[in-house]
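Dear colleague,

I am passing on the structure we spoke about, so that you have the sequence and the coordinates in one place. Please read the notes below with the structure open beside them.

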Amino acid sequence: MPLTNAQRLWERHEALARIGATGRGGVCRLALTAEDTAGRALLLSWASRLGLIAEMDPIGNLFLRRIGREPDTAPVWTGSHLDTQPTGGKYDGIYGVLAGLEVLESFAERGVVTRRPIELVVWTDEEGVRFQPTTMGSAVHAGAVRLEEALGARDADGVTAEDALAAQMAALGGVARRRLGSAAHAYVEAHIEQGPVLEAERRVIGAVTGIQGLRQFAIALAGEEAHAGTTPASRRKDAFVAAHRIVAALHRLVEDATGTTRFTIGRFQAAPGSPNTVPGRVEFTIDLRHPDLGRLERLTQGIADICSREAAPCTAAVTPLLDSTPVAFDPAMVERVRAAARRLGHEPLDILSGATHDAKFMAGLCPTAMIFIPCRGGVSHNESEAVEPEHLAAGAEVLAEVLRELAEE
Ligand SMILES: [Zn+2]
């Protein structure tokens, strides 16, 4: 007999997707907007029927608590986020929240009372679209970003996160406050894979072993603008030619027979952008990802070396934009996910997360695990994000097993 109600879980995704629905089947529910508030209000209405106790911390992370036999023990946490990309889907983040709710509702229906409390967490502003940085709520919770800094973030219209959060708290009314940084016994986050691996391998459950590291750089090449018709090659300081050499060398640097390294030049601009002027300036970005910190360090050094070696007669400046250290989840927690999946008849696949998640910050605070389910074609951050209803239910059932186990410890 299934541990969770697959139909209810599916219908709740559909209900939430109507809040901020886009014309093309997707969702636009940016953090701390009226839509985000409405999404949280709907969740709160479901939670209040279960008697869950709602609290918000100073960055707006929302906690829904189901008490246990020993209410003073450290709670087990599960959750994810309800905010989306501007052209986002129905499942990224939302699944982790609704799967957690489904587990708590199923426990209530079956009279399961755990020793420890279980708390469902909705992290604030995971997507980092309206306010930066991304994973704002979990970063502040973990102390990786200062509260004042996060609250001071401004959107494109100059509105601060502080004011947007105050408006949300006022609209939600009645939700009690809690201090920042409360402790958990363990954290488990369910999420769609957002990649093609599980589908290709025909597996339903991914036991996530960790989250790869990410570094971003801005490269600026300075040369000299000159007349395209009169300046011989020997006298040019052509920033595009230097960039071309550098980019070719970078692609050789990141060649990787295992296919593990992710290297992207996502933005490339030459100035002044005139057809008959030698470009005097080129700027481009590098997004570099790898699960191994040592390899990331060596590649970072390689980027610096290539830029200084290949830039002449131009000059190159490398500016780090972002540095997110790779995370390995607690092996015992990963094993719990594998074991629970097998008990439920799903042979799990060990998988590394290519995307970042709130679990990254929890991993530094308590034993942490993630459960992945497939998404169609590996497509995510896209209005056409799609999943199979039975996969939603399978992941929730694995989550139920793992949470029950952890909450009895
Ligand atoms: Zn997400």
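What follows is a walk through the findings, beginning with the metal site.

Please keep in mind throughout that this is a predicted model.

**Metal site**

The zinc ion is coordinated by three residues, namely His81 through NE2, Asp92 through OD and His191 through NE2, at 2.1 to 2.3 Å. Along the sequence, these donor residues follow the spacing H-x10-D-x98-H. Histidine 81 belongs to strand S3 (residues 76-81), whereas aspartate 92 sits in the loop between S3 and helix H3 (94-110), eleven residues apart from the histidine. Both histidine 81 and aspartate 92 are buried.

**Strand S4 and its neighbours**

The strand that carries histidine 81 also takes part in a right-handed β-α-β unit, which is made by S3, H3 and S4. Within this unit S3 and S4 run parallel and are joined by six bridges, and tryptophan 77 has glutamate 119 of S4 as its bridge partner. Strand S2 (residues 62-66) pairs with S4 too, but in the antiparallel sense and over five bridges, with arginine 65 standing opposite glutamate 119.

How many of the six residues of S4 are buried? Six of the six are, and the strand is accordingly described as mostly covered. In a regular strand the side chains alternate between the two faces of the sheet. In S4, Ile118, Leu120 and Val122 point one way while Glu119, Val121 and Trp123 point the other way, and all of them are buried.

**Backbone features to check**

One joins glutamine 132 and proline 133, with omega at about 5 degrees, and proline 133 is found in the loop between strand S4 (118-123) and helix H4 (136-141). Another runs from alanine 271 to proline 272, with omega near 10 degrees, and proline 272 is in the loop between strand S11 (268-271) and strand S12 (277-278).

There are also residues other than glycine with a positive phi, among them aspartate 125, where phi is near 50 degrees, and arginine 202, where phi is near 55 degrees. Aspartate 125 is found in the loop between S4 and H4, while arginine 202 has its place in the loop between helix H7 (197-201) and strand S7 (206-211). Are these two residues buried or exposed? Aspartate 125 has a relative accessibility of 2%, under the 20% limit, and therefore counts as buried. Arginine 202, by contrast, has a relative accessible area of 77%, which is over 50%, so this residue is exposed.

**Salt bridges**

The structure holds 27 salt bridges, of which I describe a few here. In one of them the side chains of glutamate 383 and arginine 24 meet at 3.6 Å, N to O. This pair links distant parts of the chain, 359 residues apart, with glutamate 383 in the loop between strand S17 (368-373) and helix H12 (389-408) and arginine 24 in the loop between helix H1 (6-17) and helix H2 (34-49). Glutamate 383 is buried, with a relative accessible area of 11%, whereas arginine 24 counts as exposed at 69% relative accessibility.

Arginine 130 forms a salt bridge with aspartate 155, and their closest N and O atoms are 2.9 Å apart. Here arginine 130 lies in the loop between S4 and H4, and aspartate 155 lies 25 residues away in the loop between helix H5 (147-151) and helix H6 (161-172). Both partners count as buried, arginine 130 at 18% relative accessibility and aspartate 155 at 11%.

A further salt bridge connects glutamate 388 with arginine 376, the closest N and O atoms being 3.4 Å apart, and both residues are in the loop between S17 and H12, twelve residues apart. Glutamate 388 is partly exposed at 29% relative accessibility, as is arginine 376 at 47%. Finally, Arg8, Arg12, Glu102, Glu105 and Glu109 are linked in a network of salt bridges.

**Surface**

Phe240, Val241 and Phe268 make a nonpolar surface patch of about 240 Å². Valine 241 lies in helix H8 (residues 239-253) and, at 40% relative accessibility, counts as partly exposed.

With best regards

How values were computed: Residues are numbered from 1 along each chain as its sequence is written. This is a predicted model: local features need pLDDT of at least 70, side-chain atom pairs count only at pLDDT 80 or more; totals for chains, interfaces and linings use all residues. Side-chain values use heavy atoms; hydrogens and water are left out. Donors are N, O and S atoms within 2.8 Å of the metal (3.2 Å for Na, K and Ca); water is not among the atoms, so sites may look incomplete. Helices (H or I, at least four residues) and strands (E, at least two) are DSSP runs, numbered from the N terminus. Buried means under 20% relative accessible area, exposed over 50%, partly exposed in between (1.4 Å probe, protein chains only). Two strands pair if DSSP finds at least two bridges between them. A crossover is right-handed if, with the strands pointing away from the viewer, the path from the first strand over the helix to the second runs clockwise. Patches are made of residues with over 30% relative accessible area and no salt bridge: like charges are joined within 9 Å, nonpolar side chains (Val, Leu, Ile, Met, Phe, Trp, Tyr) within 5 Å. Accessible areas come from the Shrake-Rupley method with a 1.4 Å probe; for residues, only the protein chains shown count as cover. A salt bridge is a side-chain nitrogen of Lys or Arg within 4 Å of a carboxyl oxygen of Asp or Glu.
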